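Please read them alongside the sequence and coordinates shown here.

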Amino acid sequence: MAQTEIAGLILNGGRATRMGGVDKGAMDLAGRPMLAHVIDRIRPQVGRLAISIRLGATLPRLTGSDAPPAGRDRRLGDLAALIDQPGPSIGPIAGIEAGLAWAATLEPQPVALLVVPNDAPVLPLDLVEGLVRAMPAGGLIRPAVAASFGRIHPVVSLWPLALAPAVRALAETARACAGNGGRAGSLGGALAALGAVAADFPAAPGGTDPFLNINTPAALAVADAAARRG
């Protein structure tokens, strides 16, 4: 697929409870905000890029050369900001629903949406290529999910735009469940329900998991070292 056929979405709606509720996208990593590292990894692989924001939350605070120009409202440079729908928290599926709706408005319209979290700063530079390669040629339309070291990473995935109605239905079911005091289903469960295929990726330089996400100070130190290696 050509770069213009893929749109990108950075999920920034999590509450970061395991890191004390901090703004993980703005955390310092090798002298720059972590979100800036994620953007650098993903931007060359997609035609357009957006960030998903939880309703009532603020955009990550970027400073210095990574900050957006003055006067940009709800944008980080040319990074579009998407706000989740009102209602109970249902996890990443809300951001993916918003991302697919946004991607459908683009011209030219992309074929698929790449989804990544804001706290995975050493993502593969061939992430899109690997996910596209794993998707079946023709037949059923399925999402592709990244895998490494024997486990899948649901928040690193590629979603064909044709799945938008199915994702919307899953999100509505999750909202109804959460609204009645139940627990919304997991993103992994949604991927399984849609017959997702896995794309396995090797370790990053230095043996680091390419999908290392930052949930502890120890993980932050590992990511910092990996980011400095490049």
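1. Where is the place of L11? L11 belongs to strand β1 (residues 6–11); helices (H or I, at least four residues) and strands (E, at least two) are DSSP runs, numbered from the N terminus. This is a predicted model, in which local features need pLDDT of at least 70 and side-chain atom pairs count only at pLDDT 80 or more, while totals for chains, interfaces and linings use all residues. Residues are numbered from 1 along each chain as its sequence is written, and side-chain values use heavy atoms, with hydrogens and water left out.

2. L11 has a relative accessible area of 10% and is therefore buried (buried means under 20% relative accessible area, exposed over 50%, partly exposed in between, with a 1.4 Å probe and protein chains only). Not counting residues up to four places away in sequence, L11 touches S52, P92, G95, I96, V115, V116, P117, N118 and V155; contact means heavy atoms within 4.5 Å.

3. The unreviewed UniProt entry places the feature "binding site" at L11, N12, G13, K24, D84 and D119. UniProt positions are given in the numbering used here, feature names are shortened, and annotations may be inferred rather than shown by experiment.

4. D119, listed in that record as "binding site", lies in the loop between β7 (112–117) and α3 (127–134). Its relative accessible area is 5%, so D119 is buried. Among the residues that D119 touches, not counting those up to four places away in sequence, are K24, M34 and N215.

5. Strands β8 (residues 144–148) and β10 run parallel and are joined by 4 bridges; two strands pair if DSSP finds at least two bridges between them. In this pairing, A144 stands opposite V197 in β10. In β10 (residues 197–200), V197 and A199 form the covered face, whereas A198 and D200 form the uncovered one. In a regular strand the side chains alternate between the two faces of the sheet.

6. The structure holds 1 aromatic pair. The ring centres of F201 and F211 are 5.4 Å apart and their planes stand at 80°, so the pair is edge-to-face (rings of Phe, Tyr and Trp, the last by its six-membered ring, pair if their centres lie within 6.5 Å; planes under 30 degrees apart count as stacked, over 60 as edge-to-face and the rest as tilted). Both F201 and F211 lie in the loop between β10 and α6 (217–229), so the pair ties together parts that are 10 residues apart in sequence. F201 and F211 are buried.
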